[in-house]
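Have the viewer open beside you as you read. We will take a friendly walk through the structure, one part at a time.

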Amino acid sequence: MSDLNYDVVIIGAGMVGATTASLLSRSGFTVALVEAHKPQEFDSDADVGLRVSAISPGSAAVLEQAGVWKAISAQRVRPYRRMQVEDGIDSEPLLFDAPAFNLERLGTIVENSLTQWSLWQLVSNTGLVDCYCPDRLKAIEFDDTHNRVLLNSDKMLTATLVIGADGARSRVRKAIGVRQDYWAYNQQGLVAVVGKQKPNPGVAWQRFMPGGPLAFLPLEDGRSSIVWTRPSIEAERLLALDTDEFCSELSIASSGWLGEVESCGPRAAFPLSMRLSECYAAQRTVLIGDAAHTVHPLAGQGVNLGFADAAGLTESLIRARHAGGDIGSAKVLQSYSVSRRSESETMAFGMHSLRSLFDIEALSVVRQAGFAVVRRSWTLKDMFLQRAAGVAGNAPRLAKGASLQELMRS
Ligand SMILES: Cc1cc2nc3c(=O)[nH]c(=O)nc-3n(C[C@H](O)[C@H](O)[C@H](O)COP(=O)(O)OP(=O)(O)OC[C@H]3O[C@@H](n4cnc5c(N)ncnc54)[C@H](O)[C@@H]3O)c2cc1C
């Protein structure tokens with residue numbers, strides 16, 4: 001089918017795939033985006049959604065270049081300037097304040113549905129991206145110079161490069177035969193929107209406890225969105241409690257911070273796992289976002305890693321085109337794969353180790369000593385924050401504030 005040829009075909013219009021579609025189309029590539037389900041329209045009159053993300057400053061810079069951050073930040077979002085981490089024993093909390101690290105903010109809490117809908121409107125309305133939705137990837141046929149992407153609708157798209165942004169159970173990853181390491185944590189992340197006696201003053205608060213951390217992320221109206229990591233059986237029990245019982249257990253778990261829990265909306269829980277693909281590219285195809293990796297949500301880094309993948313890949317493809325190269329060549333994709341895999345491996349194993357450290361009661365002395373060291377060390381705090389903010393030395397240039405125009409000129 002001669003009229004369905006693209007530079008890039010992206011499978012999956014989640015937050016990461018849609019961002020990549022926008023970045024690449026704004027850089028002059030022809031882009032097709034295939035998505036199984038159209039995202040739900042964001043309704044600002046409805047209550048805050050259950051799924052929110054802490055968007056790092058680096059990710060906000062990437063979303064700005066994708067042309068969507070202005071629309072997102074004009075809605076109900078909550079920037080935060082302080083992070084408070086407690087070790088669940090009785091030692092002093094670790095405090096991270098944005099101004100102390102020359103940052104305007106540490107991050108912004110945004111509902112996933114707002115990000116998804118804003119991106120979808122952008123890519124489907126500007127005419128820059130051809131959207132195939134609802135439709136699904138059926139199969140990929142690989143070739144030396146291009147791949148053929150067959151959809152459930154029987155449409156056939158031809159692409160110089162295929163991008164798998166189709167989430168943790170990626171069909172694209174299976175199609176290219178990339179192996180993945182997988183750890184099921186036997187834990188679930190319980191999420192809900194809750195109100196305490198005192199409003200959240202704009203602090204991302206986290207307490208590490210045996211069984212998993214509890215996080216309160218600030219919302220625009222003074223309530224908090226919680227992620228409470230519990231062993232699966234315990235998460236099921238917490239889900240089954242009535243609202244008053246749940247509020248009282250949550251008050252105990254978060255005692256000493258902003259008073260009692262007074263209100264709680266619907267609750268849901270998500271099984272947690274770590275997945276790391278052995279490489280992110282093969283046969284004119286790359287993996288980005290959860291299709292390539294999933295990490296424990298204790299540092300809220302999952303989608304931030306995905307936005308950095310989107311930025312890193314865009315930079316590699318712009319460079320390749322400048323050099324007159326083939327954007328689907330093994331050399332180009334290898335450089336993306338090596339740099340991004342190393343970054344997500346560091347993050348995934350960092351979260352893995354931190355999780356284990358807090359899970360084992362016998363290690364409480366080690367934990368306290370570690371807290372004391374980090375509390376006193378500006379260097380360690382700075383290293384930690386730069387990475388969490390997505391602007392550390394090895395972050396993509398787009399995350400550090402470069403524009404697409406600058407990349408296309410250089
Ligand atoms: C409890 C919890 C809390 C979290 N909190 C944070 C946080 O604070 N900060 C953070 O950075 N991350 C957080 N994360 C992680 C974050 O939610 C994920 O990393 C992110 O949603 C992944 O986005 P994605 O676009 O890569 O994949 P997905 O959101 O999974 O999108 C994949 C898309 O592909 C589509 N698709 C799948 N298969 C096909 C197919 N065959 N054909 C066509 N389309 C297809 C799907 O419909 C979907 O739209 C959290 C995760 C959990 C579980």
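Predicted model: local features only at pLDDT ≥ 70, side-chain atom pairs only at ≥ 80, totals over all residues.

Residues are numbered from 1 along each chain as its sequence is written, and side-chain values use heavy atoms, with hydrogens and water left out.

Let us begin at the ligand. It is surrounded by 29 residues, and Val 16, Glu 35, Asp 290, Gly 300 and Val 303 are the closest; a residue counts here if one of its heavy atoms lies within 4 Å of the ligand. Sorted by class, this shell holds 13 nonpolar, 10 polar and 6 charged residues, with Gly counted as polar and Tyr, Cys and Pro among the nonpolar ones. Helix 1 (15-26), strand 3 (52-55) and helix 8 (302-322) each contribute at least two residues to the shell. Helices (H or I, at least four residues) and strands (E, at least two) are DSSP runs, numbered from the N terminus.

For Met 15, a backbone N or O atom is 3.3 Å from a ligand oxygen. For Gly 302, a polar backbone atom is 3.2 Å from a ligand oxygen, and Asn 304 has a backbone N or O atom at 3.2 Å from one. Taken alone, the ligand exposes 1000 Å², and the protein buries 84% of that (Shrake-Rupley areas with a 1.4 Å probe).

Strand 3 leads us on to a sheet. Its 3 strands form an open, antiparallel arrangement in the order 3-7-4, where pairing requires at least two DSSP bridges between two strands. Strand 3 and strand 4 (78-80) are the edges, each pairing on one side only. Strand 3 is joined to strand 7 (residues 107-111) by 4 bridges, and Ile 55 stands opposite Thr 108 of strand 7.

Helix 4 (residues 112-125) lies across strand 3 and strand 7, at about 80 degrees to strand 7. Contact means heavy atoms within 4.5 Å, and angles run from 0 to 180 degrees between the N-to-C directions of axes fitted to C-alpha atoms, for helices over the stretch in contact.

Between strand 8 (129-132) and strand 9 (137-141) you will find Pro 134, joined to Cys 133 by a cis peptide bond with omega about -5 degrees. Asn 102 sits in the loop between strand 6 (94-97) and strand 7, and its phi is near 55 degrees, a positive value in a residue other than glycine.

Conventions. Polar contact = N/O pair within 3.5 Å; in protein donor to acceptor, adjacent residues only side chain to side chain.
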